Amino acid sequence: MLIFYFDGFEEFAKGITDDDAEIGKFSIETFPDGETLTSLNIDVTDKECVIIGTIEPPASNLFEVAKLSEAIMRNGAKSVSLYAPYLAYTRQSEAGVGEGNTFHLICAMLRVAGIDRIMTIDPHGKVALGLSFGFPVHSVDSTSIIAKELENIRSTDKDIMIISADRGYTNNTKSIAEELNVPYLILDTTHGKTEIIVSPIEKSLPKHVVVVDDMIDTGRTLIMAVKALKLAGAERFTIYATHGLFVGDEWQELFNLGVSRIITTDSTKKAREVAEKDKRVQLITLVGMFRKIFERY
Ligand code: R5P
């Protein structure tokens with residue numbers, strides 16, 4: 001087994017490797033015109049290879065992953081698996097009339113580049129249900145680690161409810177609530193081209209609610225969810241979003257609305273940077289979970 005990892009994924013690489021796994025060496029050279037060349041500094045012949053990285057924007061990340069995979073495949077590796085803790089573009093895995101399907105395209109590109117399968121955690125929507133485009137996308141959900149974390153809240157605050165900000169996180173929400181033995185609610189949220197609408201909430205709510213979603217991008221969905229929940233009587237909020245993209249500053253508005261803590265994971269570099277600066281953002285690591293996927297597949 002040979003593990004290749006990109007910058008920012010050293011902890012994941014160290015966390016999942018055992019004594020039998022070797023770290024693969026590669027280099028990327030940039031020419032004056034901006035073109036890059038990927039070279040392997042290790043023999044990959046007949047080896048099972050793993051790439052740990054991200055395909056999230058900027059597009060150069062996707063391109064570098066594809067190029068590394070192509071180099072590994074062309075040099076005779078037995079297989080190439082991509083381990084991406086945050087699998088970008090899964091929000092675009094279904095296309096409406098007149099739209100392109102970017103996730104489909106990316107899977108096709110990665111397939112051509114030699115990737116045999118993708119491993120990830122909490123992808124968006126149907127990808128979590130096993131939708132794949134010509135090759136396996138294995139995913140596991142982060143329920144067990146977040147439920148463990150939320151157990152602390154429940155031990156001091158018995159009356160809590162788990163509320164999904166979006167239907168895309170329904171299955172995870174149910175599992176978290178079941179594991180904690182607390183009620184749950186799935187908000188009826190519509191993402192329009194220019195606005196996000198959360199339908200009025202009829203149910204009676206406890207004072208403290210835990211709002212969950214697969215990701216916090218700009219934070220707008222969670223802001224709208226928290227506003228609707230406040231109107232329905234909730235007062236205190238803890239947020240859990242598996243993947244923290246933290247784009248722009250808007251998400252900080254959450255702290256003015258009664259949110260005391262945003263819990264997220266170390267799946268993105270941005271989440272690690274934000275948590276380092278702001279102690280209200282708490283990071284839980286996915287490394288242990290990744291090791292389990294690694295051992296299972
Ligand atoms: C929506 O389908 C997703 O589950 C998230 O709710 C959404 O993408 C988060 O984006 P933002 O933080 O920009 O509202």
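In this structure, a polar backbone atom of D217 comes to 2.8 Å from an oxygen atom of the ligand. Keep in mind that you're looking at a predicted model. Here's a quick tour of the ligand's surroundings and of the aromatic rings.

**Around the ligand**
- The side chain of T221 also has a polar atom by the ligand, 2.4 Å from one of the ligand's oxygen atoms.
- With D166, an N or O atom of the side chain is 3.5 Å from a ligand oxygen.
- On its own the ligand would expose 380 Å², and the protein buries 90% of that.
- The ligand is surrounded by 13 residues, and the closest are R91, D213, D214, T218 and T221.

**Aromatic pairs**
- Searching the whole structure turns up 7 aromatic pairs.
- One of them joins F4 and F26, with 6.1 Å from centre to centre and 55 degrees between the planes, so it counts as tilted: that class covers angles from 30 to 60 degrees.
- That pair bridges distant parts of the chain: F4 belongs to strand β1 (residues 2-5) and F26 to strand β3 (residues 26-30), 22 residues apart.
- F4 is buried, at a relative accessible area of 0%.
- W251 and F255 make an edge-to-face pair, because their planes stand at 75 degrees, with the ring centres 6.3 Å apart.
- Both W251 and F255 are buried.
- Elsewhere, ring pairs tie F9, F12, Y83 and F290 into a cluster.

**Charges over rings**
- R280 lies over the face of F255, 3.8 Å from the ring centre.
- Over the ring of F9 sits the charged end of R272, 5.6 Å from the centre.

Technical notes: Residues are numbered from 1 along each chain as its sequence is written. This is a predicted model: local features need pLDDT of at least 70, side-chain atom pairs count only at pLDDT 80 or more; totals for chains, interfaces and linings use all residues. Side-chain values use heavy atoms; hydrogens and water are left out. Rings of Phe, Tyr and Trp (its six-membered ring) pair if their centres lie within 6.5 Å; planes under 30 degrees apart count as stacked, over 60 as edge-to-face and the rest as tilted. Helices (H or I, at least four residues) and strands (E, at least two) are DSSP runs, numbered from the N terminus. Buried means under 20% relative accessible area, exposed over 50%, partly exposed in between (1.4 Å probe, protein chains only). A charge sits over a ring if NZ of Lys or CZ of Arg is within 6 Å of the ring centre and within 35 degrees of the ring normal. A residue is near a molecule or strand if one of its heavy atoms lies within 4 Å of it. A polar contact is a pair of N or O atoms within 3.5 Å; within protein, one must be able to donate a hydrogen and the other to accept it, and residues adjacent in sequence count only if both atoms are side-chain atoms. Accessible areas come from the Shrake-Rupley method with a 1.4 Å probe; for residues, only the protein chains shown count as cover.
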